[in-house]
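Hello,

Here is the structure I promised to pass on to you. Have a look at it first, and then read on for what turned up in it.

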Amino acid sequence: MWRGHELFITSLPSLVEYIPVTLFYFLVPTAISMVLGTVICLVRVGKRNLLYWLVSLFVSFFRGTPGLVQIYLVFFGLPEIFAIFGMNINRWDAGIFYVIATCCNFSSFVSEALRGAYGAIDKDQIEAGYSIGYNRWQCFWYVTAPLTLQVALPNLKNLEIDLLKGTAVAYVIGVVDVMGRADKIIALHRGYGQIWILLAAAVIYFLINVVIELVFNLLTEYFSRYERGLT
């Protein structure tokens with residue numbers, strides 16, 4: 001019989017091999033959601049037309065329902081919708097469904113973080129950008145976007161940490177990442193020493209979160225310098 005701490009040591013390398021998979025399901029939704037969340041934010045701070053209300057409903061739904069339920073809805077519901085149009089997507093990799101569900105969820109939270117940050121910035125600085133000859137795009141790129149990001153960074157950091165921790169539920173639809181591999185190891189040992197195996201997975205998630213914290217601290221410092229005009 002394996003001793004608990006020995007199982008921790010032996011399972012850790014196997015879990016480490018799946019870090020790239022976990023990072024993939026963290027970074028891809030991050031990249032897509034940052035773009036989609038920005039678009040949603042722009043719609044939400046604009047005129048209250050039909051698109052505004054449709055986007056608002058989208059945000060409310062994905063912010064107001066559990067992420068796990070959304071994953072199941074996409075995993076089981078999307079094939080049914082595609083089947084109406086004669087398309088069979090049941091052979092899609094489970095990770096695709098996870099990415100779709102996560103992007104819908106995460107972009108909704110990102111949009112709200114950006115919208116709140118935009119509302120908090122000093123609008124006089126935007127006017128100053130126009131006064132020195134910036135057009136609308138230049139003012140957005142050089143003034144509005146950096147200031148909004150600076151204010152939004154603390155919230156975005158928390159959202160990114162939650163996103164990484166959220167990848168741990170992807171295994172419920174068959175995605176094999178760090179948590180999915182840990183679940184298989186636990187099943188292989190018939191539940192023996194599962195606390196030690198889960199502890200090994202927890203250590204990996206914790207270390208990745210430390211890196212995320214460091215990255216966002218650097219970003220916060222950069223945008224603070226940007227605002228002071230030191231770069």
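**Aromatic residues**

One aromatic cluster is made up of Y72, F75, F76, F82, W92 and F97. Please keep in mind that this is a predicted model. Searching the whole structure gives 13 aromatic pairs. One of them joins F58 and F62: the ring centres are 4.8 Å apart and the planes stand at 50°, so this pair is tilted. F58 and F62 both sit in helix α3 (residues 50–64), and because they are 4 residues apart there, about one helical turn separates them. As background, an α-helix has 3.6 residues a turn, so residues three or four places apart point the same way.

F61 counts as partly exposed, at 38% relative accessibility.

**The overall fold**

To step back for a moment, the protein chain has 9 helices and 0 strands, so its pattern along the sequence reads α-α-α-α-α-α-α-α-α. The C-alpha trace spans about 75 × 50 × 25 Å along its principal axes. Of the 231 residues in the chain, 39% count as buried. If you take the contacts between residues at least 6 apart in sequence, 76% of them join residues at least 24 apart.

In soluble globular proteins, nonpolar side chains tend to be buried together. The largest nonpolar core here has 32 residues, and L15, L156, Y205 and I212 are those with the most contacts inside it. The elements that give two or more residues to this core are α1 (4–16), α2 (19–44), α5, α7 (136–166), α8 and α9 (194–228). The most comes from α9, with 9 residues. Leaving aside residues up to four places away in sequence, I212 touches F26, E160, I161 and L164. Another core lies apart from the largest one; it has 14 residues, among them V74, F97, V99 and A101.

Helix α8 (residues 178–188) deserves a look of its own. Its buried residues include V178, M179, G180, A182, I185 and I186. At the start of α8, a side-chain oxygen of D177 comes to within 3.3 Å of the backbone nitrogen of M179. Just after the helix, R190 has a positive phi of about 55°.

Let me start with S107, in helix α5 (residues 94–120). S107 is buried, with a relative accessible area of 0%. Its side chain reaches the backbone oxygen of C103 at 2.6 Å. Not counting residues up to four places away in sequence, S107 touches S33, L36, G37, I40, F58 and T102.

Next comes R44, which is found in helix α2. Which side chains does the side chain of R44 meet in polar contacts? One is the side chain of S56, at 2.6 Å, and another is the side chain of E112, at 2.9 Å. R44 is buried, with a relative accessible area of 12%. Beyond residues up to four places away in sequence, R44 touches Y52, V55, S56, V59, E112 and R115.

**The largest pocket**

Rolling a probe the size of a water molecule over the atoms shows where empty space is left. The largest pocket has a volume of about 710 Å³. It is lined by 22 residues, and T38, L42, F140, T144 and A145 are the closest to its centre. Which elements supply at least two residues each to this lining? They are α2, α5, α6 (123–131), α7 and α9. The largest share, 10 residues, comes from α7.

I hope this helps you find your way around.

Best wishes

Conventions:
Residues numbered from 1 in each chain as written. Predicted model: local features only at pLDDT ≥ 70, side-chain atom pairs only at ≥ 80, totals over all residues. Heavy atoms only, no water. Phe/Tyr/Trp six-rings, centres within 6.5 Å; stacked < 30°, edge-to-face > 60°. Buried < 20%, exposed > 50% of the residue type's maximum accessible area, 1.4 Å probe, protein only. Polar contact = N/O pair within 3.5 Å; in protein donor to acceptor, adjacent residues only side chain to side chain. Contact = heavy atoms within 4.5 Å. Core = buried A, V, L, I, M, F, W, Y, C linked by side-chain atoms within 4.5 Å. 1 Å grid on protein atoms, 1.4 Å probe; cavity = no way out; pocket = protein on both sides within 12 Å on 5 of 7 lines; lining within 4 Å. Points joined across faces, edges and corners; volume = space filled by probe spheres on them.
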